[in-house]
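Hello,

Here is the structure we talked about. My notes follow below it.

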Amino acid sequence: MLVFVHGAKCIGIEAVPVTVEVEVSLGIGIHLVGLADAAVKESLLRTVTALQAIGFRIPGKKIIINLAPADLHKQGSGYDLPIALGIIAASEQRELPALGKYLIMGELGLDGSIRYVSGTLPMVELAAGSGFKGAILPERSALEAVDRDDALVFGVRTLEDVLRILEEKEDPSDLLIWNTECYREALRQEQERPEEADYMDFADILGQEGAKRGVEIAAAGAHNLIFLGSPGSGKSSMAKAVAGILPPMSREEASVTSKIWSVAGKGSGHLGLMHRRPFRAPHISASKPAILGGGSGENIQPGEVSLASGGVLFLDEFCEAPKSTLEALRGPLEDRKVTISRLKAKIVYPASFMLIAASNPCPCGYYGEGDRCTCSAGQRAAYLSRLSGPIMDRIDIQLWIHPVQTAALIEGRKGEPSAAIAERVRRARAIQQERFRGSGIFTNAEMNSRQLERFCPLDEDCKATLERIIDRLGLSARAYTRIIRIARTIADLADQAQIRPAHLLEAAGYRFLDRRNILDL
């Protein structure tokens, strides 16, 4: 008897259908075909053991299992459950009339329990778009999909739970993820979680008012930002405080970011979509594949630039990172996506993140602080040369931070709290969401040249001001467009519909590293 069980495979953040075909016929042996990797091939032993443990028999016949399409590599342990169900149905040990109505994935334990698999969100999206009644997934996996209302999502713990659903002999609604104890417990934990901030408040950062203004503009428009300054000047503290002024993600942003985390297997146990923006801070020693994403064959996993999508990627000691890693950031910073190519596969992951970098201005760290610097001009030039022109062109706001004066430290006067800054950022982001509704982007930093012409018209005074800025500073065409984007954000913060010359002048003031003679500053 030949049966079909529907599963899926994730390619990037999209899922494609995989059909598990099982036939039991005269002969002997179990044969698995369909370009399966080692984890899938090992599933036969797990599946046989699990079936026997809960009272099923393995027919003494030839069992052929085909994972279709046969030219697509299959990885992971998620095909255990479809294979087990296929054997049960093909050997006619149970009648499963609903087997073709659901997309089914899950890893089997030797006792018949069902364990977490990654990629839940793309799979449920595929089930909803392909006409399936719903999806049957492990409980912890199904928790990620509780915000979806376009398909039934069952969260199961054991193989017997799955059989209850597929036999259609009784009402299985208690297995819908919204009705499970697992969901209620996760919801209870989320409601009881303390709302204490795990980031620094801007009120606790003394002084640095000019830098705080630059950070506010960067957060309001999702602009890339770099801090240059001596050790102890507050670069890392301000970078980490940015998490406290970013607004929650919209549903569209949350959907993209959550799918990336789901595919990476980092959404385990997370209740629904992620609404808090991710803040990723990898160490500078991280490899290029760890930053950009990578893997062997078609098993390409998202890297830090994708995991930070919708949020912040913080790189401390930026100039100490390997040159090749820094240069590899050029593409994601410009295109808002990363393309990873292998011999037989090419995967595109979203990478629309806000870069925050921090670096010392020279090897000793004290250039610009009186006569404390012990580096030669050549050493300083070589150090800052790691910030290549193409990279700096892509960083919108550049801030040089000096240590807070001793008197200000002793006085300890607190500044504006993060809550007040966050409210202004929220209003500016709301203006941008309304402006870009239906365009596929969410912030000013994502505008392309056509959108700049449409949303950032300049009058004659603005054009004349911008021409003087470009000629005086010797900026590139890319820097020209980025100044306009920053000016658009400054206007949004001021709740002004049109860009003014003052906005352009302030925006240009944040690009001092683009000047021809940086070491003469």
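Helix α5 is followed by E168, whose phi is positive, near 55°. Helices here are DSSP runs of H or I with at least four residues, strands are runs of E with at least two, and both are numbered from the N terminus. This is a predicted model: local features need pLDDT of at least 70, side-chain atom pairs count only at pLDDT 80 or more, and totals for chains, interfaces and linings use all residues. Residues are numbered from 1 along each chain as its sequence is written, and side-chain values use heavy atoms, with hydrogens and water left out.

α5 spans residues 159-167 and is mostly covered, with seven of its nine residues buried. Buried means under 20% relative accessible area, exposed over 50%, partly exposed in between (1.4 Å probe, protein chains only). The buried ones are L159, D161, V162, L163, I165, L166 and E167. They pack against α1 (38-53), α2 (80-90), β5 (102-104), β7 (114-115), β8 (134-138) and β9 (152-156).

L85 touches L159, V162, L163 and L166, among others, not counting residues up to four places away in sequence. Contact means heavy atoms within 4.5 Å.

Next, S113. This residue lies in the loop between β6 (107-108) and β7. S113 has a relative accessible area of 19%, so it counts as buried. Its side chain makes a polar contact with the side chain of D111 (2.8 Å). Such a contact is a pair of N or O atoms within 3.5 Å; within protein, one must be able to donate a hydrogen and the other to accept it, and residues adjacent in sequence count only if both atoms are side-chain atoms.

Best wishes
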